[in-house]
Amino acid sequence: MAQYIADGIILGATLALGAIGLTLTYNILRFANFAHGEFLTFGAYFALALAGVLSFGPNLGSLTFGWSFLLVIVLAAALTAGLAILLDVVVYRVLRRSDVAVALVIASFGASLMLRNVVVFIWGPQPDYYSRAIAIAHPILPGVRVTTDEIFVVVLAAVLMVALHLFLTRTRMGKAMRAVSDNVLLAQVTGVNVANIIRLVWIVGGGLAAVGGIFYGLTVQLIPNMGFNLILPMFAAAILGGIGSVYGAVLGGLVIGLAESLSVIWIDPGYKPAIAFGLMLLMLLVYPSGLLGERP
Amino acid sequence: MSEAALSVEEVVAGYVPGVDILRGVGLRVDPGEIVTVLGPNGAGKSTLIKVVAGLLRLRSGSVRLFGEDISSLPAHRMMARGVGYVPQTQNVFAKLTVEENLEMGAYVNTRAIRRGIEQAYALFPDLQRYRRHAAGRLSGGQRQMVAIARALMLQPRLMLLDEPSAGLSPLLVGHVFDKVREVRDIGVTILIVEQNAKAALAISDRGYVLAEGQDRVTGPAQELLENPEVGELYLGARRGLA
């Protein structure tokens, strides 16, 4: 049982990082971005490519990577943020002017398919790993064994979430981002250039998604479908937590991660993805605003 | 003639291509004045104030602020030029605290936050008690105060008020308009668009009546109150002023 909880938290960390970007784009740009999963995939694969050229120093303790990988994470997140902005400029910005609200969502489906196939084209369809080294799981509590990589993932996820919280509540740009998400027109009137905030949303959302993807690559594996497989649980997390709420996305990510992980105790693992949707549907039926969402 | 704080000339504007809501509107606000634009629903009052605030591009004509042409400036540049705008509805950041709302008012010059907040609490002492509350939880009157205080954070030269009495009880309407007069007394020129003619004209120096996208009647506030033609234009009926 305890082992499943630990595994759930690790998966939850990845889902939460992805769901934050999803909830931000939904709230500020007013559409469900189905290509968001591909930001996780690209983040993971950018890191794979960068790790191939930027690998120096010994591994840190019992981690399967060294200091250089931290640099790789930062660079991969930056590249993914760039990709997100590029996608916005080429596809979404044009469609935002259209009156057909669903155009953005459908376009994001298309972008998702296209990006996924670009990954297959460049890196091939086979699974990859950052390291061939065997990560040894250590007992940390009675009945709970985790690898040092997994501890790293959870700690870094927590650090990033605290950093995001401080950014949103203490900085001028962070407050402006919350202001735009609250009331675009009023934010404009107070002097906020909304185009800059939209860029910031892609940087924060894309960057965090990339880190989430790298975490998945570290703790599971890299496959071109990884982001696509995670997009629906991430949506479930964002909706469960209350769409639009960053803290809700984090909480929702943890709940979905735990639920999926714990479900295998009782039911066949093949049904695992259904758990996320079961929870999401239940939430929409009984408490549609989500755990931390705004009540209308 | 001295330079106008705001001068709107022959403005044509609208939302849908080919449909003009404003069809050649002109008005003038002198420094230190309170001027009210009245008119029935659909006359283009809100459209006019949106054009001045930079939220809607005009098709022709001009808007000048102390002689400077601001016709083509986008809304996010207006605050730095000294124009504070208080929209009619959703005029606070509901999820942000009162104090964060005020801070947003000084977004383009964060060094002015301290002084602005002190001034806001001096003008609206009640707000201090709610500074850590989400603005969306406040009553309509309190939200209106937050909205006005936010627009005043950077000591604007001109404040634009869109229907400040909307949704407020008669008692609160009086209170809000008293505050508007206090704001003028600290040196801010004010343009109001209002349906509530009596309350707005009571504190105004001059007024304009807008109908069908054009300014029809203008004059000192007291005269407009007594002008029967205004009542006709305004209500389309002989019921006097609301």
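Analyst: Axes here are lines fitted to C-alpha atoms, for helices over the stretch in contact, and angles run from 0 to 180 degrees between N-to-C directions. The model is predicted: local features need pLDDT of at least 70, side-chain atom pairs count only at pLDDT 80 or more, and totals for chains, interfaces and linings use all residues. Residues are numbered from 1 along each chain as its sequence is written, and chains are lettered from A and ligands numbered from 1 in the order in which they are written.

User: What makes α3(A) roughly antiparallel to α4(A)?

Analyst: Helix α3 (residues 67-96) and helix α4 (residues 102-123) of chain A pack at about 155°, with their axes 9 Å apart. Angles over 145 degrees count as roughly antiparallel and those under 35 as roughly parallel (65 to 115 is roughly perpendicular, the rest oblique). The angle of about 155° therefore makes α3(A) roughly antiparallel to α4(A).

User: Which residues of α3(A) and α4(A) meet?

Analyst: From α3(A), Leu87(A), Val91(A), Tyr92(A), Leu95(A) and Arg96(A) meet Ala103(A), Leu104(A), Ala107(A) and Ala111(A) of α4(A); contact requires C-beta atoms, placed from the backbone, within 7 Å. By class, this contact has eight nonpolar residues, no polar and one charged. Ala, Val, Leu, Ile, Met, Phe, Trp, Tyr, Cys and Pro count as nonpolar, Asp, Glu, Lys and Arg as charged, and the others, Gly among them, as polar.

User: How do you know whether α9(A) and α11(A) are parallel or antiparallel?

Analyst: Helices α9 (residues 226-241) and α11 (residues 272-286) of chain A pack at about 30°, with their axes 9 Å apart. The two helices are therefore roughly parallel to each other. The residues of their contact divide into eleven nonpolar, no polar and no charged. Among them are Leu232(A) and Ile239(A) from α9(A), and Phe277(A) and Met280(A) from α11(A).

User: What makes Gln90(B) partly exposed?

Analyst: Gln90(B) has 14 C-beta neighbours inside 10 Å, and therefore counts as partly exposed. Gln90(B) also has a positive phi, near 45°, and is found in the loop between β6 (83-86) and α3 of chain B.

User: How exposed is Arg64(B), and on what count?

Analyst: With 17 C-beta neighbours inside 10 Å, Arg64(B) counts as partly exposed. Arg64(B) belongs to strand β4 (residues 60-65) of chain B. Its C-alpha atom is separated by 5.7 Å from that of Leu6(B), 58 residues apart along the chain. Leaving aside neighbours within four places in sequence, the contacts of Arg64(B) are Ser7(B), Asp69(B) and Ile70(B).

User: How do you know on which side of α4(B) the buried residues lie?

Analyst: Within α4 (residues 113-123) of chain B, Gly116(B), Ile117(B) and Ala120(B) are buried. They cover an arc of only 95° around the axis, and are therefore on the same side of α4(B). Arg114(B), Glu118(B) and Ala122(B), on the other side of α4(B), are exposed. The cover over the buried residues includes α3 (98-105), α5 (125-129) and α6 (140-151) of chain B.

Methods:
Buried ≥ 20, exposed ≤ 12 C-beta atoms within 10 Å, placed from the backbone. Helix = DSSP H or I, 4+ residues; strand = E, 2+ residues; numbered from the N terminus. Arc of directions from axis to C-beta. Contact = placed C-beta atoms within 7 Å.
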